[in-house]
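Dear colleague,

I am passing on the structure below, and after it you will find an account of what turned up when it was examined. Please read the account alongside the coordinates.

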Amino acid sequence: MDLRLTPISSPVTITLDLLLTPLGQLDESVALESAVLVALCSDAEASPSDTLPTPMSTDRRGWWADANVSSIWPGAWPIGSKLWLLERAKIVDSQAREGATLARVQTYIAQALQPFIDLGICSNITIDCWQEHGSRIYANIVMSRGPKQLLNLQFAALWTELGFASIQRI
């Protein structure tokens with residue numbers, strides 16, 4: 001993804017808009033950040049074994065074009081994360097049936113960002129998750145290529161009906 005997206009947040013959704021340079025061309029200045037934003041804030045298709053957040057729902061989300069994306073366009077991968085599965089989840093510890101919420105957040109982020117390593121975009125991703133104020137989970141994501149740090153983002157997820165709140169570049 002060689003373009004710059006900027007979030008336009010509302011209490012219910014995050015809308016992304018393309019930014020243009022003063023010359024009217026696509027702004028490519030933060031392409032990696034934009035790709036990570038799409039990877040984390042798009043809904044990946046849930047596996048048949050995943051528990052959906054809405055009882056009786058059969059909507060596993062995902063993007064229809066992900067079905068054959070790698071065979072159609074080499075180097076592409078299915079986009080999105082399974083963070084949406086936690087929309088109605090309570091923040092619980094490791095004693096819960098489904099496991100600790102913090103561990104699930106870290107796993108879903110790692111799964112969404114693994115293609116960046118697989119395709120050589122970066123060589124290492126460090127994800128640190130923590131909880132603050134009872135209802136907020138933060139994740140700090142550092143992407144590196146060898147010894148060089150490429151990206152350092154903080155992702156905040158508010159565990160209420162509002163969904164995912166913000167992403168900040170650090």
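**Findings**

The side chains of Asn140 and Asn152 are joined by a polar contact of 3.3 Å, a polar contact being a pair of N or O atoms within 3.5 Å, where within protein one must be able to donate a hydrogen and the other to accept it, and residues adjacent in sequence count only if both atoms are side-chain atoms. Asn140 is placed in strand E4, and with a relative accessible area of 13% Asn140 is buried (buried means under 20% relative accessible area, exposed over 50%, partly exposed in between, with a 1.4 Å probe and protein chains only).

Please bear in mind that this is a predicted model, in which local features need pLDDT of at least 70 and side-chain atom pairs count only at pLDDT 80 or more, while totals for chains, interfaces and linings use all residues. Residues are numbered from 1 along each chain as its sequence is written, and side-chain values use heavy atoms, with hydrogens and water left out.

As to the overall layout, the secondary structure of the chain comes to 3 helices and 6 strands, where helices (H or I, at least four residues) and strands (E, at least two) are DSSP runs numbered from the N terminus. Along the sequence the pattern reads β-β-α-α-α-β-β-β-β. Of the 170 residues in the chain, 36% are buried.

Strand E3 (residues 124–132) and strand E4 (residues 136–145) run antiparallel and are joined by 9 bridges; two strands pair if DSSP finds at least two bridges between them. Gln131 has Ile137 in E4 as its bridge partner, and the hairpin that E3 and E4 form has 3 residues between the strands, with His133 in the turn showing a positive phi of about 55°.

The count of aromatic pairs comes to 1, for which rings of Phe, Tyr and Trp (its six-membered ring) must have centres within 6.5 Å, planes under 30 degrees apart counting as stacked, over 60 as edge-to-face and the rest as tilted. Trp130 and Tyr138 form this pair, which is stacked at 5.6 Å centre to centre with 15° between the planes. Trp130 is partly exposed at a relative accessible area of 26%, whereas Tyr138, at 14%, counts as buried.

The largest nonpolar core has 28 residues, and those with the most contacts inside it are Ile109, Leu113 and Phe116; such a core is a set of buried Ala, Val, Leu, Ile, Met, Phe, Trp, Tyr and Cys residues joined through side-chain atoms within 4.5 Å. Helix H1 (31–41), helix H3 (101–118), E3, E4 and strand E5 (148–158) each supply at least two residues of this core, and the largest share, 6 residues, comes from H3. Leaving aside residues up to four places away in sequence, Phe116 touches, among others, Leu32, Val36, Trp77, Cys122 and Met143, contact here meaning heavy atoms within 4.5 Å. In H1, 8 of the 11 residues are buried, so this helix is largely enclosed by the rest of the structure; among the buried ones are Ala35, Val36 and Ala39.

Turning to the cysteines, Cys122 counts as buried at 2% relative accessibility, as does Cys129 at 17%. The structure holds 0 disulfides, a disulfide being a pair of cysteine sulfur atoms within 2.5 Å.

With best regards
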